[in-house]
Structures are given as structure tokens and as C-alpha cells.
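Here are my notes on the model, point by point. Please keep the structure open as you read.

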Amino acid sequence: MNFRSIILLSMVLLTVLFPQSAFAYKVVLDPGHGGKDSGAVGVNGLKEKDVNLDITLKLKQALLDRGYEVVLTRTDDTFLSLAERVQYTTEQKADFFVSIHANANPGSSAKGSMVLYYDNAYPQEDYPASAAMEKLTPYSKDLAQKVLDSLVGAAGTKDLGLVPSAVYVARMGEIPSILVETAFLSNKSDAALLADDAVRLRMATGIADGISAYAPPVFTDLLGHWSRDAVLRMKGKGVIDGIGGNRYEPNRALTRAEFLTLMDRVFKLDSLPASCAYSGSVTGSVYGSACQPAPALSFKDLPATHWASAVFTKASKLNLLQGYPDGTIRPNQAITRGEVAYLFERLLAESAGTKPTVAAPKNAGFTDVPATLWSAPAIYALKSKGIINGYTDTEFYPDQRMTRAEAAALIDRYMSK
Ligand SMILES: [Zn+2]
């Protein structure tokens, strides 16, 4: 296979594996100060807020050129509180945060570049970090070092090193965060550098190159989450994708489309017998299991262009899902824990060429799963196989939406057997 074929094949595979969007890390850039807050004022009269914004806008372009998704806390001369900056950043669900500042010192001799980050090895009692940031020290420090190395290399500034710091924007967020002090406005030669448009561009390019050398943690929103190991194992096996590349959204409800996609990867729906192998006893309108010919796939809310359209076609051939009386299939609707258990047990049996368990034990432990519940046989069968757990020893919550984290844990337990 020649190089060109490999590239083409890789692109096809990426399209298949990441159907929802192309992968790009998302960065929040934060030009320090603004509006009524000028920041430091240079020996040459330069206002820090203006230098920060200009370097940040250049940095934004450099990162866009490198394929990043970039958002800014401010794009003009507006005042924003520190809390507003962090709140905006958290709402953005980005991968990391970079604040751009220029330094000042009462003496005029201090000069050079430094990068601040929150370091959990040096906690400050009066300025506690967010719970998320406490776990992020290695990632913030790695980003800080790469940006500093690249910045001083590009701009020719003095290397003043990394600075563990409890500054607000570096300690209160939920993603790896750094604050770059590009140079000293209080120093004559540094201030001259900051006044030079070509140097600002070199600084921005240097910071962008440092960012390019940095790899954020896989699934930024899973750090410290109970499901992280299971999700990463499943990602390694190609079963699980992120959302927009580098987030997993573990606490969000799993949708019907996402569930079917996972089941297709686990059980290869195409390989299962097309005939209906089992008549269950599902109540409710969502999941039918009567042995009828597979219906033609035409749901008004599932156009052929929908990313999960192909997997719904496979599922409908297996009579796995039926539509609603109003002609919809509701691909984005949440799926409950009981529904997942029922369908998983059925697919498990069909892939093994056996019949699913149809009887529930009389006193099986979950007070909210009586033997008469339609999903009880599947829930108890999966529990006895060690594939599914209750919330407690006595409660299963069959009507509760299954989260994406729970789905990963379920599949992990099954595939680890
Ligand atoms: Zn500043």
C-alpha cells in the first residue's frame, strides 16, 4: 500500500470512527485585564490590556492555522472580572486555558518571561483551588513548560522559569490552565520588545508552537471520574468515542443512537441472525420484540444523513427497536437502565445463539425490580453474570436514564470477561 492509499484509508477510518465531528482540541484564550482595568502601564506608556489583546489575537490566528478550535474571553477593550473569565471558560467545555499578560515590577531591572500555573504541591490555605484543578497539576505544568520554552526561544526573552501560583484564573477552572507573563513593561528593553509588532508576532507564534507540543489528557472531563479506567479501556478497544474529540460527558444520559452504536461495535449487529429469534414481554411502546418482518426504515426524524442512520437500519432488521406511533424513532432520546439491560441480554443471547433469560428469580434482591417487571429477567440475568450492578445491593433504578459512564462500565465488565 503506498503512502497515498494509507492517507486515504486513514481518512475513511477517521470518518467512520468519529462521525459527529472532526477532531480538534478547543482552547480558551484570555487576554488579561481590559476596559477600566488597564493592567500595568509600561515605561514607554504602553497599556498592558492593549498588548495582551494584540498578542492574544495573533495567537488565536496562529492556533487556527494549526487546526485548533479557539475562543476568547474578550475580543475588544471590555472589562471582565476574574470570576466571569473562569465561568465563561468552564461553559466552553474546552481542553485547556491560556491567559496572556505582561509583567511589571517596582524595580526597573527585572526582565524576562515566566509562566504561572497552579501546583498542588504548594497549596495556599487562603486561596484553595477547585477540586478539578487539584488533579490537574501535572497537565498544567506540562503545558506551562512547553509554552515557556517555546516563547523564550521565539522571542529571545530571558527565561525566568515556571511559577507555582494561586492566581485566580490558574486555580479555579476545571481544565489545565496557565498564565503567561510575556515580558516586563517596567523594564526598558522588555517594554521595547512588547511595543514591536514583529516581536509580538514572534511571541504569539512561540506560544502557539508550545501549545502544539502539548497533548491534553485524554477525555479532559474524565479526570478523577470513577468511570475513567473503564472508558479508556473501551476507547483503546475502539468501542467508545469522545464528544467532539476530547470530552466524554460521563454524567450525560446515553441516547438511543449512542446505545445502538455501542452495541453495533460490541456485537456486530450485521453478523446476528436477521430473523427474530425471541419473543419477549416488553411493555410500553418503545421496544417491541414481536417476530414480524423487519419494517422498512423510514422515520421522519431519522434522515439518511443522520450520523446513526446506518446503525438504526441494522437494528431495525433485527427488530431491535420499533418506532413510535407518530412515525418517529427519537434517536436522541435517553435510554433507561431497564431498557439497556433488556436489549443487552437479548443481544448477548443472540450472539451466543441461545435464548435470552425469560424468567426472573422470585427474590432476587432489588426491591424496585419485582419479578413481574418486563425487564426483570434481563436485569437479574446480567447481574448473575457480573455484567450489571445495582445502585445499591437492594436498588437498581430500572426507569432511570443510563449515563454514558454507566454504559462504559457495563461494556467494560462484559468485554473483560
Ligand atoms: Zn496582568
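1. Start with the second largest pocket. Helices α3 (82-92) and α4 (131-135) each supply at least two residues of its lining. Bear in mind throughout that this is a predicted model.

2. The lining of this second largest pocket counts 14 residues. Glu174, Ile175, Thr220, Asp221 and Arg247 are the ones nearest the pocket's centre. The space inside comes to about 260 Å³.

3. What classes of residue make up the lining of the second largest pocket? Six are nonpolar, three are polar and five are charged.

4. Now the metal. The zinc ion has three protein donors: His33 through NE2, Glu48 through OE and His101 through ND1. They lie 2.1 to 2.2 Å from the zinc ion. Along the chain, the donors follow the spacing H-x14-E-x52-H. Glu48 sits in helix α2 and His101 in strand β3, so this pair ties together parts that are 53 residues apart in sequence.

5. Are Glu48 and His101 buried or exposed? Glu48 has a relative accessible area of 3%, so it is buried. For His101 the relative accessibility is 12%, and this residue also counts as buried. The cut-off for buried is under 20%.

6. Strand β1 covers residues 26-31. Six of its six residues are buried, so the strand is mostly covered by the under 20% cut-off. Lys26, Val28 and Asp30 point one way from β1. Val27, Leu29 and Pro31 point the other way. Please check Lys26 and Asp30 on screen: these two are among the buried residues of β1.

7. Which strands pair with β1? One is β2 (residues 69-72), joined to β1 by four bridges. Another is β3 (residues 96-103), joined to β1 by five bridges. β1 and β2 run parallel, and so do β1 and β3.

8. Leu29 stands opposite Val98 in β3. Val28 and Leu29 point opposite ways from β1.

Terms used
Residues numbered from 1 in each chain as written. Predicted model: local features only at pLDDT ≥ 70, side-chain atom pairs only at ≥ 80, totals over all residues. Heavy atoms only, no water. Buried < 20%, exposed > 50% of the residue type's maximum accessible area, 1.4 Å probe, protein only. Pairing = 2+ DSSP bridges. 1 Å grid on protein atoms, 1.4 Å probe; cavity = no way out; pocket = protein on both sides within 12 Å on 5 of 7 lines; lining within 4 Å. Points joined across faces, edges and corners; volume = space filled by probe spheres on them. Nonpolar A, V, L, I, M, F, W, Y, C, P; charged D, E, K, R; others polar. Donors = N, O, S within 2.8 Å, 3.2 Å for Na, K, Ca; no water.
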